[in-house]
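Work through the exercises below with the sequence and the model open. Each task is followed by its solution.

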Amino acid sequence: YANYFRLMLNNDEPTTEAPNGTQAPTPPDNLDAFMLPEALLSDEYEKSARVTQDGLLTIYYIDIINKSTQTSGQILITQYNSADVDMTNGYGNIPDDTYRYYKRVLIEDKEIIVFNSEGKSYINYSDGTANYEITLNCDFDSMVSIAETINVKG
């Protein structure tokens, strides 16, 4: 058996078309509604967002870059548009040959997985009907520090 850990991931592909000819959604002006790391919400990072939506889900793509270090990456938030979706039912396996380091971070009752592979670091976690995937071109220890700033909303 391979050594692996389980992450809650969404396997659906996003669409850029609005359903039934409706107007495409606009990116949020304010990211406070999301459970994100405070470190990435600071003014040190420039952010640009776009959003896609279909009947089942809304996907937010937030490109980020640190103004001084040029560390860059993306925050991907998949928000299911139904309270009937339970993120604890869908798991994706990440085999041990795809990551170099990993750490499980617990903030209150939220499990956050941080891992590193080939010069990039990743944070994955879920909250209710939303799944979060954060990718940055930074070292593992920096990403763990960022993960520890996630604002868990009760």
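Predicted model: local features only at pLDDT ≥ 70, side-chain atom pairs only at ≥ 80, totals over all residues.

**Exercise 1.** State the strand order of the open sheet and find its edge strands.

Solution. Step 1: the open sheet has 7 strands in the order 2-3-4-9-8-7-6, and the pairing is antiparallel. Step 2: strand 2 (45–53) and strand 6 (101–107) each pair on one side only, which makes them the edge strands. Step 3: on average, neighbouring strands of this sheet are turned by 15 degrees against each other, direction ignored.

**Exercise 2.** Name the elements of the sheet that helix 2 touches, and give its direction relative to strand 7.

Solution. Step 1: helix 2 (residues 140–147) packs on the sheet. Step 2: the strands touched are strand 2, strand 6, strand 7 (110–117), strand 8 (120–127) and strand 9 (130–136). Step 3: the direction of helix 2 makes about 160 degrees with that of strand 7.

**Exercise 3.** Describe the join between strand 3 and strand 4.

Solution. Step 1: strand 3 (residues 57–66) and strand 4 (residues 72–80) run antiparallel and are joined by 9 bridges. Step 2: Ile62 stands opposite Ile75 in strand 4.

**Exercise 4.** Classify the pair Phe115 and Tyr122, then the pair Tyr125 and Tyr132.

Solution. Step 1: the structure holds 3 aromatic pairs. Step 2: Phe115 and Tyr122 lie 4.9 Å centre to centre with 20 degrees between the planes, and the pair is stacked. Step 3: Phe115 has a relative accessible area of 8%, so Phe115 is buried; Tyr122, at 22%, is partly exposed. Step 4: the ring centres of Tyr125 and Tyr132 are 4.6 Å apart and the planes are at 10 degrees, so this pair is stacked. Step 5: Tyr125 and Tyr132 are buried.

Definitions and conventions:
Residues numbered from 1 in each chain as written. Heavy atoms only, no water. Pairing = 2+ DSSP bridges. Helix = DSSP H or I, 4+ residues; strand = E, 2+ residues; numbered from the N terminus. Axes fitted to C-alpha atoms, helices over the stretch in contact; angles between N-to-C directions. Contact = heavy atoms within 4.5 Å. Phe/Tyr/Trp six-rings, centres within 6.5 Å; stacked < 30°, edge-to-face > 60°. Buried < 20%, exposed > 50% of the residue type's maximum accessible area, 1.4 Å probe, protein only.
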